[in-house]
Amino acid sequence: MRRFIVLLNTLSCLLIIFASFNKVEAQTQSSVKNQKKSMSSKKQEEKRSIELVDISSIKIENPHAAVKTIEFDRPYKTIKCDIFIAGGGLGGVAAALKIWQLNNKESAKPLHVVLSEETDWLGGQATAQGVSALDENSLVETTGCTDNYQKFRHAIRNNYASNYRLARQPSNVQLSELLNKDKYLYPGNCWVSRLSFEPKVALAELDTMLSPALSNSSLKVLYRHKPFAVKNRRNFFPLIGNNHAPIKSIYLVNLDTDEHICVRAKLFIDATEFGDLLALSNTPYKTGAESKEQTGESHAPEKADPDNVQDFTYPFALELRPGENHTVNKPPLYDDLLQRGQFSFDGFQMFTESSRDTPEGKQKLRPFWTYRRLIDASYFIDHNYPNDIAMINWSSNDVRGKNIIDKPAQTQAEYLAFGKLVSLGFLYWLQTEVPREDGGKGYPELALRPDIMGTLDGFSKHPYIRESRRAETKYTIVEQDIASTFNSERRAKNFTDSVGIGLYPIDIHGHEEIPGAGQATRPFQIPLGSLIPQNFNGLLPACKNIGVTHITNGAYRLHPIEWAIGEAQGALTYYCLKHKVSPEYVLANLTTLRHFQHTLIETGVPIYWFSDIAPEHPAFIAAQYLAITGIMPGDGKHLHFYPDKPISPGDALFTLAKLFPDEQAKLRGIEKMAIEINENGVMSKENNALLTRAQFAIRLYSIAQSKNLFGTK
């Protein structure tokens with residue numbers, strides 16, 4: 001009886017609190033309505049509205065024409081789906097592809113995905129942003145990326161080999177034979193990347209990769225659509241527990257027709273270039289540079305600066321046409337930009353190698369022209385490529401000090417137009433004023449190629465964005481986690497909740513208050529904790545908007561890493577809906593976390609760094625799983641697994657000791673693995689042959705799986 005009375009009292013208190021909140025909420029809404037009514041009477045506007053920028057429509061001569069006024073009260077049609085992905089960059093595409101693959105692999109009831117993209121090209125930084133010379137790592141051809149990303153790269157190479165005549169392809173050699181001999185076809189032969197190409201080729205291959213999902217209607221792509229509002233589900237007990245009501249729907253506008261669409265989903269992924277959904281949904285986020293007090297990073301400034309974001313850039317493509325003159329008109333503000341030192345080669349020469357003095361001695365400089373060359377004409381015997389084509393993305397067309405995040409739409413449009421003006425000015429400087437190696441100034445033979453970027457003005461459809469809003473997540477990756485100076489071993493800090501890998505220096509284009517923030521890194525991981533917001537409301541970041549700092553963003557923002565982030569989030573949303581769990585539960589529950597990581601590994605996603613065991617290797621799943629669980633981790637002195645090397649008796653016994661708590665259990669495990677360990681090595685009982693490390697790992701993995709051994713966090 002007493003418990004019943006206590007329960008009644010508790011319920012009464014809750015009802016009083018709820019009623020009080022509703023009263024306060026009603027009073028607040030009434031106050032807001034009165035304020036809006038007053039404001040609308042002043043502005044003579046009855047409808048609520050918001051201004052946003054159609055970035056693809058930015059014009060130098062009239063930037064404000066790209067600003068659209070979106071009225072909230074317009075009619076809209078509703079689309080229902082399981083997962084909504086905002087942003088068709090590499091993260092968004094990788095997420096959509098992964099969801100379809102997992103769904104198709106398990107022959108489950110199809111999940112319906114809607115993917116929106118504000119330009120008319122999927123692919124983000126590899127296509128619409130013009131950076132089609134991929135920023136990657138030294139192991140990207142083998143173990144340094146996901147299997148899907150590697151297939152994307154192979155598809156680009158195969159496109160050129162299949163559709164164009166290569167200089168190294170004799171008429172009597174079949175394409176398959178050529179690809180066998182030279183699987184690393186290199187259309188651009190540039191020195192910043194292992195693969196450079198025209199954006200249109202990547203676009204075509206991404207469309208092909210997504211075509212099965214599109215053809216069975218499990219994926220719908222909304223081109224030229226931009227989110228402008230978020231609606232949350234009603235939180236009936238806002239003062240109890242998590243005060244962040246889950247997202248119910250996203251409202252988008254068709255930038256061409258002004259039609260409105262409402263998308264309702266169970267889970268939402270923000271793969272936009274600026275983290276748009278973070279702001280629209282009031283998900284806590286950061287911008288710019290954090291302070292040293294906030295992050296503990298040695299290269300963070302004493303005072304935070306939300307406006308100190310990395311430079312953005314409008315890349316453009318040039319064709320080298322000897323003997324011709326393609327000089328553009330002198331652009332506005334050119335003299336001002338020239339006077340303040342905007343344009344420079346920094347010691348580089350156009351077509352020849354050079355050098356410059358540094359504190360460490362002479363530094364060799366390769367030619368500017370081949371830096372991000374997309375087409376090396378000498379690679380082809382084809383009328384489509386009579387001349388070289390290069391993409392221009394250089395410090396001279398970076399735009400600094402013009403942060404457009406959380407700025408009024410009019411200001412955003414002005415800054416973006418200024419970005420195009422800077423790139424146009426750099427083009428004019430290249431054509432008229434850069435010192436020529438053969439004497440004189442300028443290379444008028446450099447012709448702008450608007451068709452390469454798919455635009456009328458020749459600049460990329462969307463600026464290359466290096467920094468976004470960044471979600472406040474369960475874990476924030478800091479400088480100490482990945483920088484070489486803080487990690488003495490061959491790998492960066494080990495995250496047992498890893499869902500991907502990456503490798504790139506901390507590369508910061510912009511103001512460094514403390515010099516040295518840009519620095520080398522160790523091969524690092526993507527922890528799941530950095531992908532889940534602190535206050536989860538149904539939204540997951542999947543681009544440059546994950547839990548990184550201003551500094552570590554410089555290493556996580558590149559092509560293969562953004563892809564890996566998107567692939568992990570696609571897998572996570574699928575896994576959560578299939579198993580009816582939340583992302584927070586996956587992170588917190590070790591058994592579930594290991595099951596999810598296994599889902600990633602078995603579908604070609606490396607989550608632990610090895611240099612010699614790629615996703616197609618028979619022991620890939622075993623090596624990855626045993627490493628992430630700590631049963632058979634990598635050596636801190638190197639990245640090798642040495643799959644073909646015989647495993648030593650000492651290593652085998654040391655590893656088995658982690659699995660089996662006592663000697664009897666260890667002996668039973670050895671018996672089950674059908675192996676014998678003696679002074680000669682670890683032998684297979686089937687054929688009395690020495691076991692390699694790969695063979696041992698495969699047998700050990702089967703034991704670990706059958707016993708549900710998950711290691712520790």
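1. Let's start with E106, which is partly exposed at a relative accessible area of 29%. This is a predicted model, so take the numbers below as computed from its coordinates. E106 pairs with K578 in a salt bridge, and their closest N and O atoms sit 2.4 Å apart.

2. Next, R449 and E319. Here too there is a salt bridge, with 2.7 Å between the closest N and O atoms. It is another link between distant parts of the chain, with the partners 130 residues apart. R449 lies in the loop between strand 19 (446-448) and helix 10 (450-453), while E319 is in strand 13 (residues 316-320). Are these two buried or exposed? R449 has a relative accessible area of 16%, and because the cut-off for buried is under 20%, R449 is buried. E319 is buried as well, at 5%.

3. For a local pair, look at K151 and D147. Their side chains meet in a salt bridge at 3.1 Å, N to O. Both residues are in helix 3 (residues 147-163), and they are 4 residues apart, about one turn of the helix. K151 has a relative accessible area of 46%, so it falls in the partly exposed class.

4. Some charged side chains go beyond simple pairs. E136, E141, R153 and R157 are linked in a network of salt bridges. If you want the overall tally, the structure holds 44 salt bridges. As background, side chains of opposite charge can pair when their charged atoms come close.

5. How big is the largest pocket? Its volume is about 760 Å³. The pocket is lined by 29 residues, and those closest to its centre are W191, V192, Y371, D507 and H509.

6. What is the lining of the largest pocket made of, by class? It has 12 nonpolar, 6 polar and 11 charged residues. When you open the model, W191, V192, Y371, D507 and H509 will lead you to the centre of this pocket, as they are the lining residues closest to it.

Terms used. Residues numbered from 1 in each chain as written. Predicted model: local features only at pLDDT ≥ 70, side-chain atom pairs only at ≥ 80, totals over all residues. Heavy atoms only, no water. Salt bridge = Lys/Arg side-chain N within 4 Å of Asp/Glu carboxyl O. Buried < 20%, exposed > 50% of the residue type's maximum accessible area, 1.4 Å probe, protein only. Helix = DSSP H or I, 4+ residues; strand = E, 2+ residues; numbered from the N terminus. 1 Å grid on protein atoms, 1.4 Å probe; cavity = no way out; pocket = protein on both sides within 12 Å on 5 of 7 lines; lining within 4 Å. Points joined across faces, edges and corners; volume = space filled by probe spheres on them. Nonpolar A, V, L, I, M, F, W, Y, C, P; charged D, E, K, R; others polar.
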